[in-house]
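Visitor: I would like to understand the labels used for this protein. Please take them one at a time.

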Amino acid sequence: MKNKTLLSLTFSLILFLSASCSRTPTPSPAQQIQQAVAATIAAMPVTTNIPPSTPFPSPTPFSLAGLFCEYQFCIGHPFDVSFFDVSAQQNPASPSTYSQGLLAAFNANLFLQVMWQISPGTADPKFLLDTILDDQVDTASGSEDVFLVRDMNVLYGAITTIATPALPFGGSAAWTCGDRVFAWKVYVPNAESARPLFDEALARFRCER
């Protein structure tokens with residue numbers, strides 16, 4: 001009798017745990033992106049104390065000698081960082097593809113993010129610009145610039161962020177190319193670095209249409 005009672009209680013507990021697990025809500029795509037980016041930023045190296053300033057040598061700007069080419073597009077990036085597939089890191093069974101993806105790259109002085117998806121039948125990339133910005137940590141500062149680059153509709157805006165104290169400034173952008181929409185975001189130590197970094201990255205951008 002005791003064995004039957006024990007088996008009954010065990011079975012009831014398994015059913016309860018199974019039901020509890022089934023009620024766990026699935027994070028939305030936006031929440032998954034925020035969680036993945038937050039984990040990436042948490043892994044960034046801690047910056048060392050800045051030494052006293054000297055009149056020389058003059059500061060060296062970011063160099064976009066690096067070129068990332070995969071998923072049938074190419075984009076420029078600083079030579080000392082490499083993009084990795086955030087989607088695959090978050091879920092190895094669902095890596096980035098031609099249709100959609102999320103990349104990141106970082107070092108102690110820079111955090112970069114690129115995402116893309118199939119265009120939903122509109123040439124306005126604003127929706128993906130809104131997606132790449134995390135409203136919990138990113139704040140647009142100033143108006144967005146709208147311009148045309150090699151027949152691509154482009155939006156760019158400066159941002160500030162509290163994602164990491166070492167990189168309080170940045171910029172975000174979105175544009176269309178062929179049947180896809182792309183978005184780009186950067187965190188940097190000073191406000192002046194963001195726009196030139198984007199302009200150089202876009203100058204080397206290509207996609208298969």
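**Rings, burial and disulfides**

Guide: The structure holds 16 aromatic pairs. Rings of Phe, Tyr and Trp (its six-membered ring) pair if their centres lie within 6.5 Å; planes under 30 degrees apart count as stacked, over 60 as edge-to-face and the rest as tilted.

Visitor: Why is the pair of Trp-175 and Phe-205 called edge-to-face?

Guide: The ring centres of Trp-175 and Phe-205 are 5.2 Å apart and the planes stand at 85°, so the pair is edge-to-face. This pair links distant parts of the chain: Trp-175 is in strand β9 (residues 169–177) and Phe-205 in the loop between α5 (194–203) and β11 (206–207), 30 residues apart. Helices (H or I, at least four residues) and strands (E, at least two) are DSSP runs, numbered from the N terminus. The model is predicted: local features need pLDDT of at least 70 and side-chain atom pairs pLDDT 80 or more, while totals for chains, interfaces and linings use all residues. Residues are numbered from 1 along each chain as its sequence is written, and side-chain values use heavy atoms, with hydrogens and water left out.

Visitor: What makes Trp-175 buried?

Guide: Buried means under 20% relative accessible area, exposed over 50%, partly exposed in between (1.4 Å probe, protein chains only). Trp-175 has 0%, so Trp-175 is buried. Phe-205, with 1%, is buried too. Both residues belong to one aromatic cluster, which also includes Tyr-156.

Visitor: Which residue lies over the face of Tyr-156?

Guide: Arg-195 does, at 4.7 Å from the ring centre. A charge sits over a ring if NZ of Lys or CZ of Arg is within 6 Å of the ring centre and within 35 degrees of the ring normal. The charged end of Arg-180 likewise sits over the ring of Tyr-98, 3.8 Å from its centre.

Visitor: How do you know that Cys-69 and Cys-74 form a disulfide?

Guide: A disulfide is a pair of cysteine sulfur atoms within 2.5 Å. The sulfur atoms of Cys-69 and Cys-74 are 2.0 Å apart, and the two form a disulfide. The torsion about their S-S bond is about 120°, so this disulfide is right-handed. Cys-69 has 42% relative accessibility, so Cys-69 counts as partly exposed.

Visitor: Why is the disulfide of Cys-177 and Cys-207 called left-handed?

Guide: The torsion about the S-S bond of Cys-177 and Cys-207 is about -95°, so the disulfide is left-handed. Cys-177 is in strand β9 and Cys-207 in strand β11, 30 residues apart. Both Cys-177 and Cys-207 are buried.
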